[in-house]
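Trainee: Before we start, I would like to go through the labels one at a time and hear what each rests on.

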Amino acid sequence: MQSTQRDKIKLIFLARPNEWVPLIEILRLGIAQYGARILELRREGMRIENKIKEANGVRYSWFRYVPDISSADVCTPAEVRR
């Protein structure tokens, strides 16, 4: 089964809940419209936060998935490698 761009981002977030993921890492997956894919995940119910910092005129972005405590919506690193 071929994974979609949304699936690739989702797997990163599920493998690293509550961890800030730098945008550059998402872009390395070849995600063209990462904002649209993250919006799709948010509409699916995933709580995804973002932060932006500027240093020396360069903007840096990070995203993190904050799972619902009552949810078992996380996966192991082995599942991500599949």
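Trainee: What makes Arg47 and Glu49 a salt bridge?

Mentor: The closest N and O atoms of Arg47 and Glu49 are 2.8 Å apart. A salt bridge is a side-chain nitrogen of Lys or Arg within 4 Å of a carboxyl oxygen of Asp or Glu, so the pair qualifies. This is a predicted model, where local features need pLDDT of at least 70, side-chain atom pairs count only at pLDDT 80 or more, and totals for chains, interfaces and linings use all residues. Residues are numbered from 1 along each chain as its sequence is written, and side-chain values use heavy atoms, with hydrogens and water left out.

Trainee: Why is Arg37 called buried?

Mentor: Arg37 has a relative accessible area of 15%. Buried means under 20%, exposed over 50%, and partly exposed in between (1.4 Å probe, protein chains only), so Arg37 is buried.

Trainee: Which residue does Arg37 form a salt bridge with?

Mentor: The partner is Glu40, with the closest N and O atoms 3.0 Å apart. Glu40 has a relative accessible area of 28%, so the residue counts as partly exposed. Arg37 and Glu40 both lie in helix H3, three residues apart; a helix here is a DSSP run of H or I with at least four residues, and a strand is a run of E with at least two, numbered from the N terminus.

Trainee: What makes Glu44 and Arg6 a salt bridge?

Mentor: Their closest N and O atoms are 3.1 Å apart. The pair links distant parts of the chain, 38 residues apart: Glu44 is in the loop between H3 and S2, and Arg6 is in helix H1.
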